[in-house]
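Q: Can you walk me through this one? I'd like to start with the surface.

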Amino acid sequence: CITDAVINVLPRVKQKIEIARNVIELMHALGNTRPRVALLSGTEAATHEMPSSMDAVAAVKEVENGALPGAEIAGPMALDVAISEQAATIKGVNNAVAGNADVLLVPNLEAGNILFKQMVYSMGATAAGLVLGMKVPIMLTSRADPPEARLASAALASVYAAHRDL
């Protein structure tokens, strides 16, 4: 699962917390009771030159204060460390998320959109698109998406709505 490839251009810490809250609920609806959320950046070390790394540190502090129960959350984390146990081991990153992320919380729309399109066009993925955080989930697909993506979006919206008793 990736966030946010379409709506939030440059979310800051408070918006990232809300994005995480929404995706955690979605993962719960899908049966993942303790999703692992990676706060993506280009590095695992906080640096002012990479604002996404500083946002991740601030978000993790919020998590440590109880902001997002029901998930394991870690960051900042580069993509390789988030999805590859080998990369995490080589880089010395040892936490519940490293190498096992269920959710990639991207730093901005550009990163999310590029990752989404890479998965669809280079890996043959079928993507379901939902906007969360509203009263009801909103299906959102690309104009270029095939019918399968629209069907996947409808199915995902239906599961999520049933979970929320909408």
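This is a predicted model: local features need pLDDT of at least 70, side-chain atom pairs count only at pLDDT 80 or more; totals for chains, interfaces and linings use all residues.

Q: Which residues form the nonpolar patch on the surface?
A: Met 134, Val 136, Ile 138 and Leu 166, with about 350 Å² of accessible area together. Patch members have over 30% relative accessible area and no salt bridge, and nonpolar side chains (Val, Leu, Ile, Met, Phe, Trp, Tyr) are joined within 5 Å. Areas come from the Shrake-Rupley method with a 1.4 Å probe.

Q: OK, salt bridges. How many?
A: The count comes to eight. The rule is a side-chain nitrogen of Lys or Arg within 4 Å of a carboxyl oxygen of Asp or Glu.

Q: What does Asp 55 pair with?
A: Lys 16, at 3.2 Å, N to O. Asp 55 lies in helix H2 (residues 51-64) and Lys 16 in helix H1, so the pair ties together parts 39 residues apart in sequence. Helices are DSSP runs (H or I, at least four residues), numbered from the N terminus.

Q: Are those two buried or exposed?
A: Both Asp 55 and Lys 16 are buried. Buried means under 20% relative accessible area, exposed over 50%, partly exposed in between (1.4 Å probe, protein chains only).

Q: Which residues are in the network?
A: Arg 12, Lys 16 and Asp 55 are linked by salt bridges.

Methods
Residues are numbered from 1 along each chain as its sequence is written. Side-chain values use heavy atoms; hydrogens and water are left out. Patches are made of residues with over 30% relative accessible area and no salt bridge: like charges are joined within 9 Å, nonpolar side chains (Val, Leu, Ile, Met, Phe, Trp, Tyr) within 5 Å. Helices (H or I, at least four residues) and strands (E, at least two) are DSSP runs, numbered from the N terminus.
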